[in-house]
Every structure is written in structure tokens, then in C-alpha cells.
Amino acid sequence: MWLSPPNSGRYPPSKKGNVRWASGNAKCITRKMAASSLTTSFPTIIILLLLSTSLIGSCSAQSGVRSAGVEPASSPTIAAADSSLAEILKNYDRNIRPNFGGPPVRVGLTMSIASIDSISEVNLDYTITVLLRQFWKDPRLAQPWLANKTRPMSLDGRLAEDLWVPDTFLTNAKEAFMHTVTTDNVLIRLYPDGSVIYGMRITAVAHCYMNLRKYPLDEQNCTLEFESYGYTTEDLQLYWMRGDESISGLQSVNEDMQTFQVGAYLTAERVAHYETGDYPRLIFSFNLIRLIPFFLLQTYFPAALIVMMSWVGFWISPYSEPARVSLGITTVLTMTTFITSARASVPRISYVKAIDVYLIICFLFSFGALIEYAIVNYTTLVRQKKETKRIPLTPLVVTDIQPSPVTPTGNDMQMVEVGNDVRDAPLATVSEADMDYENPSDAASTPSDDSGMGRQPFGNIRYRVRDRVRDTVKARTTQAGHRVRQTTSRVRRRVGKILDDECIIDRRSRYLFPIAFTLVNLVYWFTYIYVDMKDDKIERDF
């Protein structure tokens, strides 16, 4: 709709004024239209503003992440690594060693000791668990797209099946295995320049030659030897990465071991000579020091106490045969049991061990205590027999009373009965054999003639004979009793002297046996602790 400009009629309408009016009129119309559209679409504008704000925030957040992180173009991606490894393995032959046709590949070793246990003197071996790591460089595995990176790529251990790895094996292992729980305990790390770290966890039962001459006061030298099975020194060289410092973990091993301690150790590089060539060999040698307190409590102290128990018999009377014999036999049998049990824990070797020497010493001292009592008992019996023969008892002498030549009459029967009583009376013992009974009838008067004038009355003779017999028997009985008492006293003195002599043997044994046992112990411990008993024939120069 067009509006006519206002005109008062005095001035004709000019072209310039019309244009100015038209422009002003258009501006007014525009303002009106904008106001009307603003009022009609205000909710729509609000929604548009909110959408624009959210879009601006997301863009700023993405730009912030990109600025804070690594540039995506310079960081390795899964796709890049996958394609790189696939490209490398596409033309890779694991059967050919690195530098084939050129210098030998150098393989360095380091090792962490996890545990050393089950050290057996019977089987001459020990069980060891190690974490073995091998280092070498394979130019075929170099990755140029990682040239500016120093951090290696940690790959799955199963990749080792597709790569060349050294054929290292344990020379002195009786049996060995690699741990596979929960997966194979293998690691592979790859550097940009082609350097490889190949690690594995191994448990092996390794042979250890032991010199048991000083057992259990010994120190054993054991080794763990690594060698290439198929590559000679012209193709492969083994070396310790950092010398003796290539071995770690021994401190924690010593804390777990109960009967041994790992002492000094060293590493060595040698060459093994076979008919098929010369092969590289690495040797880890270490000393195993046996801890003596276990054997002191298990063997040495009980054996010494048994020997001391055998000395108790020296304070027991020699005439208590059951007590002393049973004590001696018990100690001897116990020492025999100790010797048998000690031999069961070591191999059947031809030479004598230190523990055998000590147990034999204890056995001899226990057996010596039993022999000492046998000597005492035998000496007592022999000397008693000698004393019995040297002091015999005086023989018995029977005194016969001769009857009177006078024929007794009926009234004299009483005298005859007295004479019979005298003959039947107990006889006394005397020392002089030449003492004879004087016949009382000699003092009596004999008949001078047939008339009988010189004969004395027979009754007086009867009483005199009876009195003289009584006095003679009494005197001789008293003298014999005195001599018997003297003989008994001499025998008792001799027997007491014999008993004193036998007690002297026991009294001397009470301090001679302990002194001798102490001296033997001093010589024993000094010899086996401070004297070197290594045999040149069994020492191994590796």
C-alpha cells in the first residue's frame, strides 16, 4: 500500500523529497514488521539460542582435549602396530638367526632367584626357581615408525612362537619345567631398533656335586649352568649382562631358607668343548653354608648326653650287677640307633663323614663304660679266689680218749658212759697237729702183783679221768675258737682291701672318662671347623 506524502499545496512535490520520504517510510515499515515477527516467534528464538550454546561448548571441549593430549598423528595406534607387526612377520623366518651369514648374535642373560629349596644330600641335587631374561638384537624386527620412541612394546608371550629365540638350556638340570599358570609365564618386549627382551619363569632340579667329608659342618659349592644346545660360538655368544650383578634376589632367598644360607657367589663365562664343536656356556656358582644349630639339637647334644648317662654307672656299687649291666647295654644300643639314623640321611659313600666320626667316638665311650664294669667285676672275682687260696682254714683235729686198761666192774658203768659222752662230744679245732691227749690211765697205779695190794680204788680213777677230760676239752675249745676268729679277721681285711681296690677303678673312671671325652671333642671341633679337607680330585674347575 502506497501512502501519499503530505503536501500543503504551496510547494510542488520534488523528486528528492519523495525519495527521502519513501526511505523513511520503509524504515518505519521494517521496524513494525520486525516487532511483529519478534512477538510472534519468541519461543523459537529461545530454542535456537540454547542449541547454539551447547554446540559451542562441545566444540570448545574437543579443542581442549586435543590441545592437552598427544597429537593423534604422532602416537602409535592399534591399527599401526598391527599392520607393522603383520608386515614384519610376513617375511620373517624364525628358523634363521639374526645376522645370518655375519657375526654371531650376542645374547645377554640376567637372572632373579625366586627360591632355592629341597637340597638333598641323598640325591645330590637341589631345586631352584628363577626368572630368566635374555637380551639380543634382531634387525629384522626394527620398526622405523617408532624411531623417535624409547619405550618398548610389551607384547603377548605367545608371540615367541613366531620369533627366533635362543636355544638356551640348563646343562646340569635333571628335570625342569616352565610355569604355565594362568598362562605361559613368558614376556616379550620389542624396541624400535629391533632389540628384544625374552623372559620366562623356570623351576629346575639341578645336580650339585657335594663333598660330604665334613658333613654336617660343610659348605657346598653348587652351580647352575646355561648353554646353547645347537649354536656354536661362531653363531651365538652368551654373556652376563652386568657380570656378578646380573644375579639378584639372593637376600630374600636367605630369609626363607631354614637349613642353609647362600654365601659368596660368582658368574663365569666358559666354552664347552664337544666333538661337534665349541658351545658357549654361562655358569652361576654359589656356596651353600649348612646351618649347624639343627644338627646340634638333633644329633650332637643327644649323643653327648647318652655318653654322660653311661658314666652314672661309676657311682653305682660294683655288686649291683643288674643296674650297671642294663645301663651299659641301653647306652650302647641307643648309640647304635643314632648311627643308623645318621647314615639313612646321607648317600652311601665310601669315605667317612664328620658326623660318623663323632657318633663312633660316642659309641666307643659308651662301650668303654660297659667294659670298665666288666673289668671291675672280673678283677673282684679273681682276687677273691686268690685270697681264699692264700688263707686256708686250719684242719680239724679229733682227740680220742683212750680207755683205762682197768677192766670196769658193774659199779664203773657210769665212767664208761662218761667216756662215750666225751668221744661223742663236739671236737675242737687246733693249729698244732702234734698235741696229743695224754692218757689219764698212765698216772694211775698199775697192779704190782697179783694180790692187788698196790691197786687204787677204781672210783677215784673214774672221777679223775672225767675231770681231766673236761678241762682238756675246754682248753682246746677255747684255743681253737681264738684261732678261728683270727683267721676270719684276716680274711675280712683281705676282702675289704680287694673291695677298696675295685672302688679305686670306679673313682678314677669318674674323672678320667669326662676329661678324655672333653679333649676328644676339642680335637674334633677344631679339626672339622678350621682344617680344610677339600680333595683336589673332586674339585671342579669351571
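Analyst: A cavity is a set of points, on a 1 Å grid over the protein atoms alone, where a 1.4 Å probe fits but cannot get out; lining residues have an atom within 4 Å of a point. This is a predicted model, in which local features need pLDDT of at least 70, side-chain atom pairs count only at pLDDT 80 or more, and totals for chains, interfaces and linings use all residues. Residues are numbered from 1 along each chain as its sequence is written, and side-chain values use heavy atoms, with hydrogens and water left out.

User: What makes S310 and Y373 lining residues of the second largest cavity?

Analyst: Lining residues have an atom within 4 Å of a cavity point, and the residues that line the second largest cavity include S310, F314, R324, E372 and Y373. The structure holds 3 cavities of 30 Å³ or more.

User: How do you know that the lining of the second largest cavity divides into nonpolar, polar and charged residues?

Analyst: Ala, Val, Leu, Ile, Met, Phe, Trp, Tyr, Cys and Pro count as nonpolar, Asp, Glu, Lys and Arg as charged, and the others, Gly among them, as polar. On that basis the lining holds 5 nonpolar, 5 polar and 2 charged residues.

User: Why are β1 and β9 called paired?

Analyst: Two strands pair if DSSP finds at least two bridges between them. Strand β1 (residues 105-120) and strand β9 (residues 236-240) have 5 bridges in the parallel sense, so they are paired. There, V105 stands opposite L236.

User: How do you know that β1 also pairs with β10 and β2?

Analyst: With β10 (residues 247-248), β1 forms 2 parallel bridges, and M111 has I247 as its bridge partner. With β2 (residues 125-137), β1 forms 10 bridges in the antiparallel sense; L109 is partnered by Q134. Both pairings therefore meet the requirement of at least two bridges.

User: What makes β4 and β11 edge strands?

Analyst: The open sheet has the order β4-β8-β12-β11, with antiparallel pairing. Its edge strands, β4 (168-170) and β11 (260-274), each pair on one side only.

Notes: Helix = DSSP H or I, 4+ residues; strand = E, 2+ residues; numbered from the N terminus. 1 Å grid on protein atoms, 1.4 Å probe; cavity = no way out; pocket = protein on both sides within 12 Å on 5 of 7 lines; lining within 4 Å. Points joined across faces, edges and corners; volume = space filled by probe spheres on them.
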